[in-house]
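Please read the following note alongside the sequence and the coordinates. It is arranged as numbered points, so that each can be checked on its own.

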Amino acid sequence: MLCGSRRLLGIAIGISALLLVAYGRADGAHQVDASPAVVVSKGEDQRLQDDFNRDNGFVRLMFLVDPRCPECLRGLADMGDDVLAKLPEGARVKVYVVHEPVIGGSDKDIPAAAELLHTTLARHYWNPTGDFGRQMSRVLGYWNGSRWVYAWDTWLIYSPDAVWSGKNPPQPAFLMHQLGGLGNLKLPRLDSKIFAAKVNALLAARDQHDPP
Amino acid sequence: MSKKPQVVGVTSGALGLSGLALAFGACCVAPWAVTVLGVSGAVLLARLAFVQPYVVAATLALLGIGFSFVYRRPGAEAVCDIAPQSRLRWLVWGAAIVVIAIDVASFVPRFLG
């Protein structure tokens with residue numbers, strides 16, 4: 001009896017594992033079709049800054065992720081489902097996704113990650129040196145009392161009037177993250193529904209000030 | 001009656017579940033998840049990661065059951081069956097050390113990043 005139930009449990013676990021692998025693989029194969037334009041962003045160029053300032057007047061979202069990090073990918077999927085897919089048509093929103101090689105991600109991983117956003121509003125930047133995460137760590141004040149925490153798995157909202165004038169990006173209007181090393185800072189953990197509410201509030205304020 | 005099947009069942013269950021807890025706990029710092037499961041599978045793993053503390057609790061409960069099997073006072077008919085009982089105690093203690101080590105390791109990634 002006991003042996004029979006153990007065998008059944010083993011079979012059930014085996015089938016579940018196979019289904020999980022097959023589900024991921026099948027979907028991954030489909031995602032290779034989407035090939036977003038990826039801008040290589042290094043310290044010496046200013047593509048991201050130029051794009052950011054050109055989009056003045058839009059609510060701008062900036063996501064810092066590693067395209068191989070499951071938590072970051074879950075964040076991108078949540079942003080796609082709960083924020084970007086629910087925006088009203090013609091919403092004045094721009095999205096910049098800065099991909100950083102924190103746990104081994106590479107530019108080859110970006111197309112599959114990009115598809116999770118279900119949008120053409122996003123521009124993707126690949127920062128192979130990882131300098132941008134170190135820079136943003138200082139900008140966002142990611143000091144946990146003993147060290148600077150690298151800025152990734154971080155989700156930012158910039159108001160329509162934000163301007164990136166100096167070397168560093170401006171302070172965001174709102175920030176969420178999924179970093180274990182920032183426990184002391186009381187910064188909000190990523191919740192895509194709250195994030196969506198903040199985006200919609202900024203859009204509403206912008207439309208009140210400057211009707212479309 | 002030998003308790004070996006029950007003891008082996010609960011200890012191997014605890015070991016298996018602690019491996020699952022480690023997979024959930026390490027999913028943010030483990031690039032293998034995308035390689036093995038693909039993007040959607042990795043997203044699913046990350047979405048299920050909230051169950052990790054419950055899985056850890058289940059491993060401890062299974063260990064508790066294992067200990068109760070090997071330390072519960074035996075019935076009169078099993079009094080002479082001492083040697084196998086001793087081996088089963090070693091098995092449960094060994095499994096407990098491994099499971100607790102893996103459970104602790106599964107929480108470490110929460111403090112990284």
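1. Conventions. This is a predicted model, in which local features need pLDDT of at least 70 and side-chain atom pairs count only at pLDDT 80 or more, while totals for chains, interfaces and linings use all residues. Residues are numbered from 1 along each chain as its sequence is written, chains are lettered from A and ligands numbered from 1 in the order in which they are written, and side-chain values use heavy atoms, with hydrogens and water left out.

2. Strand E3 of chain A. Helices (H or I, at least four residues) and strands (E, at least two) are DSSP runs numbered from the N terminus. Strand E3 (residues 93–99) of chain A has six of its seven residues buried, so it is largely enclosed by the rest of the structure; buried means under 20% relative accessible area, exposed over 50%, and partly exposed in between, with a 1.4 Å probe and protein chains only.

3. Pairing of E3(A) with E2(A). Strands count as paired if DSSP finds at least two bridges between them. Strand E2 (residues 59–65) of chain A is joined to E3(A) by seven bridges, and the two run parallel; A:Met62 has A:Tyr96 in E3(A) as its bridge partner.

4. Pairing of E3(A) with E4(A). Five bridges connect E3(A) to strand E4 (residues 122–126) of chain A, again in parallel, and A:Val97 has A:His124 in E4(A) as its bridge partner. The crossover from E3(A) to E4(A) goes through helix H4 (residues 110–115) of chain A and is a right-handed β-α-β crossover.

5. Helix H2 of chain A. The buried residues of this helix (residues 47–54) are A:Leu48, A:Gln49, A:Asp51 and A:Phe52. Seen down the helix axis, they fall within an arc of 165°, so they line one face of the helix; the arc is that of the directions from the helix axis to the C-beta atoms. Their cover includes E2, E3, E4, helix H5 (131–139) and strand E5 (154–158) of chain A.

6. Nonpolar cores. A core here is a set of buried Ala, Val, Leu, Ile, Met, Phe, Trp, Tyr and Cys residues joined through side-chain atoms within 4.5 Å. The largest has 71 residues, and those touching the most other members include A:Leu61, A:Met62 and A:Leu76; its largest share, eight residues, comes from helix H2 (residues 32–47) of chain B. A second, separate core of 11 residues includes B:Leu63, B:Phe67, B:Val70 and B:Val99.

7. Chain B. This chain has four helices and zero strands, and 41% of its 113 residues count as buried. Among its contacts between residues at least 6 apart in sequence, 81% join residues at least 24 apart.

8. B:Pro53. In helix H3 (residues 52–71) of chain B, B:Pro53 is partly exposed, with a relative accessible area of 33%. B:Pro53 touches B:Phe107 and B:Arg110, not counting residues up to four places away in sequence.

Conventions
Contact = heavy atoms within 4.5 Å. Right-handed = clockwise from strand over helix to strand, strands pointing away.
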